[in-house]
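Good morning, and thank you for making time for this presentation. Please have the sequence and the structure open as I speak.

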Amino acid sequence: MTNGNTTRNESLVEVRGYQVALDRLYHADSHMWVKPVRPGEVRVGLDPLGVETSGTLAQLSFANVGDQVAPGRAFGQLEAAKFVGPLVSPVSGTVARVNDAVLADPGLAERDPLGAGWLVDLSGTDEVELARLLGSPDEITDWFARTVDEYRLKGVIAE
Amino acid sequence: MSRRTPEAATLRVIDFGRVSALRSQTLWHAVAHGVSAGEPPTLSFVRPAEPYVCLGYHRRLDEVDQAYCTAEGLPIYRRMVGGGPVYLDADQLFFQICLPAGSVSPARTAALRDLLTPALGAYRAAGVAAELDDNMEITVGEAKICGHGAGQVENAVVVCGNLIERFDHERATSILRLPDPTMRAEVLRMMRRFVNPTPADPEEFQRAAVEAYAGALGLTAEPGELTELERAAVEELDEQFTSESWIAGPQGRRRPPAREVKIRAGVWVFAAEHEDARVVASVVGDSVERARFRTSTPSDDLYGDLRAAEAAMAGVTLAKAPAVLAGFGSTGRQLAAAFAAADGKSL
């Protein structure tokens, strides 16, 4: 199924008023995207709904370079409105790099979540885990549209 | 926010009473581990037997005047919830509501509002005409009366707050490491205005909080106690919370170019400098309430005009500060650069 409210522009599409990139994978539960950036390394960032539900970001912290992370476990913490919560890793891997720019200016993750506001690079991620993520354009746009609709219906996000 | 389920029909209520400063933190963190592992939603109360200082999870240890704390015998701990460095003592009754993460809104602001609203009801039931304002502060008039923070510990969400029976504004200011007496005086002035104790009876507040949270969550309040797992977690947390690495906090956090102190949501004080110009200013909403300027080498075109520049800044929005200060020559431009260093976003 293709979402009726979707307009395509290269890898970026608009779904229910949000910009979503189709050149990467998504993990629905953690609201994180995963994108291969170099051989053996993937980049991880918050998807637009992860940003929206977090509120205005005040602080971010990450695991140290070299630390192992596991799927479903925190690779860092996010603070917004005095609420500290885990940044949940969508995949396993070793922290290869953290985004110093977003640490210095957490607002970058709000302004450009799919680009300069990336969070960490992980190395050694299991290909099987990547294969479990949402990856095809239809999967991504359908899931995103459904989630936006559900969140709006429940009042989680504004109309 | 009624989410009654057969598995979670009970609101466990634990009154820890008066405990050590360390335990006033580790006990409720242990509850969060328990709730995460399947214990029922829990409302807890605790009062520290002795004063101490507590940092929000992300805040830098150097925001605290460690020499003062050592001299005064104030331990410093770090909590797993947000907010800044605060002074706590036996005149504050703390409450914590802890729920499985899946039972609160995924939107943090909504979750916070949902879990602070019953506390608001408790204040009102205890005779305090409190409001939950748009900045998510529980207030009476313009002053906040409840210091709150929130966090997710494993799979449990916890929101903490306090009933401030008396508040030592001087000590709450003294625990902060601040760059100069001008900023310290301004922080104290703003804290006296924007942070107030409430005259409510703590027992009445506590009873009302139990009723309000049980009602809002659709649960039946039952007195409870820590489980064996939670008691073991307390021991581990005691060790963790007193370790140097935990107290030092997470690495890699930015040091803002300006020293900023949040008084309450929407109210903050900052000190910043650029070349010879130094600014201490208080901000209410997005406007400067009061600015104090100093230069080490006043330029000719500003000489004698610093007080005029200060007066000109009162009520000016931060966005318009550079334009106003541009009228005060080269030093005015330095002051504008100092202003630009402060944004309050990390508070």
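This is a predicted model: local features need pLDDT of at least 70, side-chain atom pairs count only at pLDDT 80 or more; totals for chains, interfaces and linings use all residues.

Let me begin with a sheet in chain B. Three strands make up this open sheet, in the order E4-E3-E5, and the pairing is mixed. At its edges stand strand E4 (76–78) and strand E5 (86–88) of chain B, each of which pairs on one side only. On average, neighbouring strands of the sheet are turned by 35 degrees against each other, direction ignored. As a general point, strands of a sheet pair through backbone hydrogen bonds, in either a parallel or an antiparallel way. Here, strand E3 (residues 52–55) of chain B pairs with E4(B) in the parallel sense, over 3 bridges. To find one of the contacts on your screen, look at B:Leu55, whose bridge partner in E4(B) is B:Arg78.

I turn now to the aromatic rings. Over all chains, the structure holds 13 aromatic pairs. One of them joins A:Trp143 and A:Phe144: the ring centres are 5.6 Å apart and the planes stand at 80 degrees, so this pair is edge-to-face. Both A:Trp143 and A:Phe144 are buried.

Next, charges over rings. In chain A, A:Arg24 lies over the face of A:Trp33, at 4.3 Å from the ring centre. The charged end of A:Arg43 sits over the ring of A:Trp118, 3.7 Å from its centre.

Let us consider the spaces inside the model. A search of the whole structure finds 1 cavity of 30 Å³ or more. The largest cavity holds about 640 Å³ of space. Its lining comprises 39 residues, and those nearest its centre are B:Arg79, B:Gly84, B:Pro85, B:Val86 and B:Lys144. Which element supplies the largest share of the lining of the largest cavity? That element is E13(B), with 5 residues.

As for open spaces, the second largest pocket has a volume of about 590 Å³. It is lined by 26 residues, and the closest to its centre are A:Thr56, B:Lys262, B:Ala265, B:Gly266 and B:Leu347. Two or more residues of this lining come from each of strand E7 (57–62) of chain A, and helix H3 (108–125) and E14 of chain B.

I close with two backbone details. A:His31 has a phi near 55 degrees, a positive value in a residue other than glycine. A:His31 sits in the loop between strand E4 (25–27) and strand E5 (32–38) of chain A, and at 7% relative accessibility A:His31 counts as buried. For A:Ala81, phi is near 50 degrees, again a positive value in a residue other than glycine. A:Ala81 is found in the loop between strand E9 (74–80) and strand E10 (83–88) of chain A. At 39% relative accessibility, A:Ala81 counts as partly exposed.

How values were computed: Residues are numbered from 1 along each chain as its sequence is written. Chains are lettered from A and ligands numbered from 1 in the order in which they are written. Side-chain values use heavy atoms; hydrogens and water are left out. Two strands pair if DSSP finds at least two bridges between them. Helices (H or I, at least four residues) and strands (E, at least two) are DSSP runs, numbered from the N terminus. Axes are lines fitted to C-alpha atoms, for helices over the stretch in contact, and angles run from 0 to 180 degrees between N-to-C directions. Rings of Phe, Tyr and Trp (its six-membered ring) pair if their centres lie within 6.5 Å; planes under 30 degrees apart count as stacked, over 60 as edge-to-face and the rest as tilted. Buried means under 20% relative accessible area, exposed over 50%, partly exposed in between (1.4 Å probe, protein chains only). A charge sits over a ring if NZ of Lys or CZ of Arg is within 6 Å of the ring centre and within 35 degrees of the ring normal. On a 1 Å grid over the protein atoms alone, a cavity is a set of points where a 1.4 Å probe fits but cannot get out, and a pocket is an open set with protein on both sides within 12 Å along at least five of seven lines; lining residues have an atom within 4 Å of a point. Grid points are joined across faces, edges and corners, and a volume is the space filled by probe spheres set on the points.
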